[in-house]
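Colleague: I've got a model open and I'd like to learn how to read it. Could you walk me through it, one feature at a time?

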Amino acid sequence: GQKGLFIVELSPQGAAAKAGVQNNDRLIEINGKNVENDTHEEVVEKVKKSENHVMFLLSNEETDSYFTSQKMSLSKENASLRLLPLKPRLIEIQKAKSGYGFYLRMEQNTRAHIIKDVDSGSPAAMAGLKDNDILVAVNGEQVDGLDHESVVGKIKQSEERTSLLVVDKETDSMYKLAQISPFSYYYKAQDSTPAKEEERVELHIEQEVNHKPRICKMVKGPNGFGFSLNMIKNKPGLFITEVQSQGPAGRAGVENNDFLVEVDGVNVTDESYDQVVARIQSSGDRLTLLVCSKDAYRYFQGQNIPITASMAD
């Protein structure tokens, strides 16, 4: 019953199959442009024009029925990025007496902040920073639109240690092709599990609703806090996905699809995705979240009851 074009006769050893495309997947976007109302010929033409790289947004029957039942529209904002071949890199650098060991330049035509002259053996080189990396964020704050002095100031502010989110040129091109921001999607690019698996769990498992929110305290591990944040376009609020069962969040009692209410005692239900990500990244090594199940969230919304930490056990 869904409109659009479907993938058939997929070659098992072809580039599409290796990229995660499956038979009977429904095609929603090509290179960031919606093609649900395009003809077969128009779609073929778009793929041909893509030359060496093409980016598909796909759904399948199970995902379609879940989103339809939730009256949610499908878009790249709620897609899993697990299958993207290139990802942003988070570089944590400890400052030495001589500094971090790299220079920053701003390209006049693109206004991009480019890493230059990384000294071999410097803290930057040891942390994995490379010449011509493009800077996306400093200590969880996006640098897009900032001038050179402001970005340098942000790096200097951090004194002993700085955290840089970067992409190489190829990764930058891929995200531009898909029209998605590496900053906004950084959390989702980490060890994602496919969206369809999580949706299958939601569709078929009905648990007894516990309406109490939970306070979850965790200490950052070597791979971060061990969860991702997700949002539904044009709807308030963020929910938690991709909880690593043995990670800090999993051990603290955070569960997949929990609704995020507070970060370190501050209510974030009306904050944007980027604001909440920045808040979590600036929390240091310890993080306290107030969460509740989606069913509990719907219950409290329906009763018009604000969710607070005092309700937790």
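Modeller: Let's begin with strands and hairpins. Helices (H or I, at least four residues) and strands (E, at least two) are DSSP runs, numbered from the N terminus, and two strands pair if DSSP finds at least two bridges between them. Before the case itself, some ground rules: this is a predicted model, in which local features need pLDDT of at least 70, side-chain atom pairs count only at pLDDT 80 or more, and totals for chains, interfaces and linings use all residues. Residues are numbered from 1 along each chain as its sequence is written, and side-chain values use heavy atoms, with hydrogens and water left out.

Colleague: Fine. In which sense do strands E6 and E7 pair?

Modeller: Antiparallel, over 4 bridges, with E6 covering residues 103–106 and E7 covering 113–116. Tyr103 has Lys116 in E7 as its bridge partner. Between the two strands of this hairpin sit 6 residues, and Arg111 there has a positive phi near 65°.

Colleague: How many helices and strands does the protein have?

Modeller: There are 10 helices and 16 strands.

Colleague: And how do I read "buried"?

Modeller: Buried means under 20% relative accessible area, exposed over 50%, and partly exposed in between (1.4 Å probe, protein chains only). Here, 42% of the 313 residues are buried.

Colleague: Is Glu36 buried or exposed?

Modeller: Glu36 counts as buried because its relative accessibility is 17%. You'll find Glu36 in the loop between strand E3 (33–34) and helix H2 (40–49). Its side chain makes a polar contact with the side chain of Arg26, at 2.7 Å. A polar contact is a pair of N or O atoms within 3.5 Å; within protein, one must be able to donate a hydrogen and the other to accept it, and residues adjacent in sequence count only if both atoms are side-chain atoms.

Colleague: How about cores?

Modeller: In soluble globular proteins, nonpolar side chains tend to be buried together. A nonpolar core is a set of buried Ala, Val, Leu, Ile, Met, Phe, Trp, Tyr and Cys residues joined through side-chain atoms within 4.5 Å. The largest one here has 20 residues, and Met218, Phe227, Leu229, Ile240, Leu260 and Leu289 have the most contacts inside it. Among the elements giving it two or more residues are strand E11 (214–219) and helix H9 (273–281). H9 supplies the largest share, 4 residues. Apart from that core lies another, of 16 residues, including Ile91, Phe102, Val151 and Leu164.

Colleague: Where is Val261 found, and what does it touch?

Modeller: Val261 is in strand E14, and it counts as buried because its relative accessibility is 1%. Contact means heavy atoms within 4.5 Å. Not counting residues up to four places away in sequence, Val261 touches Val266, Leu290 and Ile307, among others.

Colleague: Last one: which residues of helix H6 are buried?

Modeller: First the general idea: an α-helix has 3.6 residues a turn, so residues three or four places apart point the same way. In H6 (residues 169–178), the buried ones are Thr171, Asp172, Met174, Tyr175 and Ala178. They lie on the same side of H6 because they cover an arc of only 160° around the axis; the arc is that of the directions from the helix axis to the C-beta atoms. Their cover includes strand E8 (134–138) and strand E10 (161–167). At the start of H6, a side-chain oxygen of Asp168 comes to within 3.3 Å of the backbone nitrogen of Glu170. After H6 comes Gln179, with a positive phi near 60°.
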